[in-house]
Amino acid sequence: MASHDTESADGEEADGLRKVIHVDMDAFYASVEQRDEPALRGKPVAVGGSSLRGVVAAASYEARKFGVRSAMPSARAARLCPDLIFRKPRFEVYRAVSQQIRAIFHEYTPHVEPLSLDEAYLDVTADLRGIGSATRIAEEIRRRIKAETGLTASAGVSYNKFLAKLASDQNKPDGLCVIRPGEGAQFVAGLPVRRFHGVGPRGAEKMARLGIETGADLRAKDIAFLRAQFGSFAEYLFQAARGVDLRQVRANRPRKSVGGERTFFENIHGTEALRETLGNIIDIVWDRIERAEARGRTVTLKLRYADFTTLTRARSVHHFVADKAEFAALGQVLLEELLPLPQPIRLMGLTLSALERGEQDSRPSKDGQLPLL
């Protein structure tokens with residue numbers, strides 16, 4: 001396991017090495033609900049729809065002990081945990097808390113790259129307070145989050161983004177893990193490849209068939225083998241197996257799209273179930289759109305069938321999508337045009353693209369219809 005002392009990833013300087021912190025809030029949505037409703041503390045809580053066709057958006061650690069996970073159908077979650085308590089998402093509250101936490105980050109560095117409401121990268125190579133130690137900064141940030149919001153955060157400290165993100169997950173919840181210069185390759189070697197960002201269940205299954213279970217197994221494969229098996233993904237895997245990541249923490253990443261998708265534990269088929277699932281995804285994605293302050297003209301629906309074939313359908317409007325209602329209407333039109341589906345789906349996603357910024361007309365036409373290109 002990586003070191004936890006306070007001399008952290010700062011004691012050794014090397015060209016190209018940065019001081020990177022990845023902060024990840026613990027069961028964020030569910031923890032906010034438990035904070036605001038004390039009777040829920042210590043109990044299994046799921047944020048999401050409680051109906052038979054609902055989907056879990058987040059689960060408390062008490063619920064996770066029963067196998068309840070995000071994107072799981074609510075009916076399955078209730079079977080796994082009969083005492084599960086459901087609460088509807090309150091995204092306006094989560095967003096406000098996220099902004100409070102982000103303000104803390106910016107007191108230490110301007111280099112903050114949010115990934116979602118509940119996690120972000122920070123580059124503290126030259127921190128604003130002159131503390132000098134990334135580990136001490138991470139500890140101070142975690143203390144302040146707890147004091148100012150009543151919530152706990154886990155943090156990973158290392159010399160690149162890939163390792164910092166792995167470290168933040170190592171000692172959850174309410175944990176800190178440090179991977180110092182020179183320790184990255186060894187740390188990665190002992191991890192299952194499914195822990196690597198970007199390696200999903202299918203990727204992990206394919207690797208297992210190739211005899212790749214751990215980072216060490218992956219490192220033993222040469223680049224030619226990886227390219228033959230994984231195409232353009234090979235370069236990432238080759239570098240990751242060695243603990244290498246040259247990406248910078250970017251405070252203002254240019255976005256081409258904002259979206260989200262969910263892979264389901266059980267395939268979904270019924271018309272009403274599909275409509276309700278789309279509604280849940282609309283809620284999640286529009287929250288991301290607002291947080292990113294994004295404005296776009298194209299909405300794309302993505303479906304992956306049970307046989308793994310993927311279908312996408314898109315609609316564009318002449319103006320910026322005005323609000324959540326218009327975004328939802330476009331997504332619903334795309335789905336309705338495909339119903340009934342020929343087979344169940346295992347994934348659904350929705351994206352806003354053709355992003356721009358600036359003052360332009362974002363209103364529907366006078367007759368209330370959405371002009372489609």
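1. Let's start with helix α1: seven of its nine residues are buried, so this helix is largely enclosed by the rest of the structure. Buried here means under 20% relative accessible area, while exposed means over 50% and partly exposed lies in between (1.4 Å probe, protein chains only). The buried residues of α1 are Phe28, Tyr29, Ala30, Ser31, Val32, Glu33 and Gln34. Helices and strands are DSSP runs (H or I, at least four residues, for helices; E, at least two, for strands), numbered from the N terminus.

2. A word on what you are looking at. This is a predicted model, in which local features need pLDDT of at least 70 and side-chain atom pairs count only at pLDDT 80 or more, while totals for chains, interfaces and linings use all residues. Residues are numbered from 1 along each chain as its sequence is written, and side-chain values use heavy atoms, with hydrogens and water left out.

3. How do helices α1 and α4 pack? Helix α1 (residues 28-36) meets helix α4 (residues 91-105) at an angle of about 100 degrees, and their axes are 10 Å apart. That makes α1 roughly perpendicular to α4, a label used for angles of 65 to 115 degrees; under 35 counts as roughly parallel, over 145 as roughly antiparallel and the rest as oblique. The axes are lines fitted to C-alpha atoms, for helices over the stretch in contact, and the angles run from 0 to 180 degrees between N-to-C directions.

4. Which residues make this contact? From α1 come Phe28, Tyr29, Val32, Glu33, Arg35 and Asp36, and from α4 come Phe91, Val93, Tyr94, Val97, Ser98 and Ile101. Contact means heavy atoms within 4.5 Å. Sorted by class, the α1 and α4 contact has eight nonpolar, one polar and three charged residues. For these classes, Ala, Val, Leu, Ile, Met, Phe, Trp, Tyr, Cys and Pro count as nonpolar, Asp, Glu, Lys and Arg as charged, and the others, Gly among them, as polar.

5. A salt bridge is a side-chain nitrogen of Lys or Arg within 4 Å of a carboxyl oxygen of Asp or Glu. Arg90 is partly exposed at 25% relative accessibility, and Asp36 is partly exposed at 37%.

6. How many salt bridges does the structure hold? There are 27 salt bridges. One of them joins the side chains of Arg275 and Glu336 (2.7 Å, N to O). Arg275 belongs to helix α12 (residues 271-292) and Glu336 to helix α13, so this pair ties together parts that are 61 residues apart in sequence. Lys324 and Asp283 also meet in a salt bridge (2.6 Å, N to O). Here Lys324 lies in helix α13 and Asp283 in helix α12, so parts 41 residues apart in sequence are tied together. Elsewhere, Glu107, Arg129, Glu140, Arg144 and Glu148 are linked in a network of salt bridges.

7. Next, a sheet. Five strands form an open sheet with mixed pairing, in the order β5-β6-β1-β7-β8. Its edge strands are β5 (112-116) and β8, each pairing on one side only. Two strands pair if DSSP finds at least two bridges between them. Neighbouring strands of this sheet are turned by 15 degrees against each other on average, direction ignored. Strands β5 and β6 (residues 119-123) run antiparallel and are joined by four bridges, with Glu113 standing opposite Tyr121 in β6. Helix α5 (residues 134-149) packs on the sheet, touching β1 (20-25), β6, β7 (153-158) and β8, and its direction makes about 170 degrees with that of β7.

8. Finally, some backbone details to look up. The peptide bond from Lys172 to Pro173 is cis, with omega near -5 degrees, and Pro173 lies in the loop between α6 (161-168) and β8 (176-178). Asp174, in the loop between α6 and β8, has a positive phi of about 55 degrees although it is not a glycine. The peptide bond from Leu339 to Pro340 is cis, with omega near -5 degrees; Pro340 is in the loop between α13 (324-336) and β12 (345-353).
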